[in-house]
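I open the notebook here and set down, entry by entry, what I looked up.

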Amino acid sequence: QKISFKKESKEGTYSVSLATKTKTLIKYLDKNDNKRFTTKSKDKIRNLKEVLETIQNTTYAKTYFVNKSWSEPKAVGHELELIPTNDISKLHIGDTITFDVLYKGKALESGYVTAKSALAKNDNALFANVRKGKAKFVLTNFGQWMFTVKNKKEVDGITVSDTASATINIK
């Protein structure tokens, strides 16, 4: 990922973000007791005997860039967000990166974040516990890193699953 700034561009930390449309997946039994999956609405499933589970998933992604000097990025309003809290432009191998982990704008109380380096595709991911909305990692490689958090909850018999990622380049 590359981005260029004009000389007159404002200094600070920039982010590019996206959110997918919420997708629904239904796990069900057909009339022959076979387990099946579909993205169709319940009323359009042929041979439906019983709905076993309904999952709604939304994915959020951000990447961060620093122009000349670091400024702490703000939340953009996604259901689930990872926001770096230390100067990402000065991070090197062996340094610690910290994140605020937010769910609906408030600190996510528990969970875990994974970190994967693009240069070490065959290595296992790193894991960090989320404690009171904070997660931190010691960086083992330079290059592009993707940090990912997932949050699942039950709402009216539906599993709502959100996934958020943050991509950062390390020198």
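Strand E2 (residues 23-30) and strand E3 (residues 35-38) run antiparallel and are joined by four bridges, where strands are DSSP runs of E of at least two residues, numbered from the N terminus, and two strands pair if DSSP finds at least two bridges between them. Four residues lie between the strands of this hairpin, and among them I noted Asp-33, which takes a positive phi near 65°.

A note on the source: this is a predicted model, in which local features need pLDDT of at least 70 and side-chain atom pairs count only at pLDDT 80 or more, while totals for chains, interfaces and linings use all residues. Residues are numbered from 1 along each chain as its sequence is written, and side-chain values use heavy atoms, with hydrogens and water left out.

Entry two, salt bridges. I searched the whole structure and found six salt bridges, each being a side-chain nitrogen of Lys or Arg within 4 Å of a carboxyl oxygen of Asp or Glu. One of them joins Arg-36 to Asp-30, with the closest N and O atoms 2.9 Å apart. For burial I used relative accessible area (buried under 20%, exposed over 50%, partly exposed in between, with a 1.4 Å probe and protein chains only). Arg-36 is partly exposed at 39%, whereas Asp-30 is buried at 5%.

Lys-62 forms another salt bridge, with Glu-81, and here the closest N and O atoms are 2.5 Å apart. Because Lys-62 lies in strand E4 and Glu-81 in strand E5, this pair ties together parts that are 19 residues apart in sequence. Lys-62 counts as buried at 5% relative accessibility, and Glu-81 counts as buried at 2%.

I also noted the salt bridge in which the side chains of Lys-90 and Asp-87 meet, at 4.0 Å from N to O; Lys-90 counts as exposed, at 59% relative accessibility.

Which residues lie nearest the centre of the largest pocket? They are Tyr-64, Phe-65, Val-66, Ser-89 and Asn-169, out of 13 lining residues. Strand E4 (48-67) and strand E12 (158-170) are the elements that give two or more residues to this lining. A pocket is, on a 1 Å grid over the protein atoms alone, an open set of points where a 1.4 Å probe fits, with protein on both sides within 12 Å along at least five of seven lines, and lining residues have an atom within 4 Å of a point.
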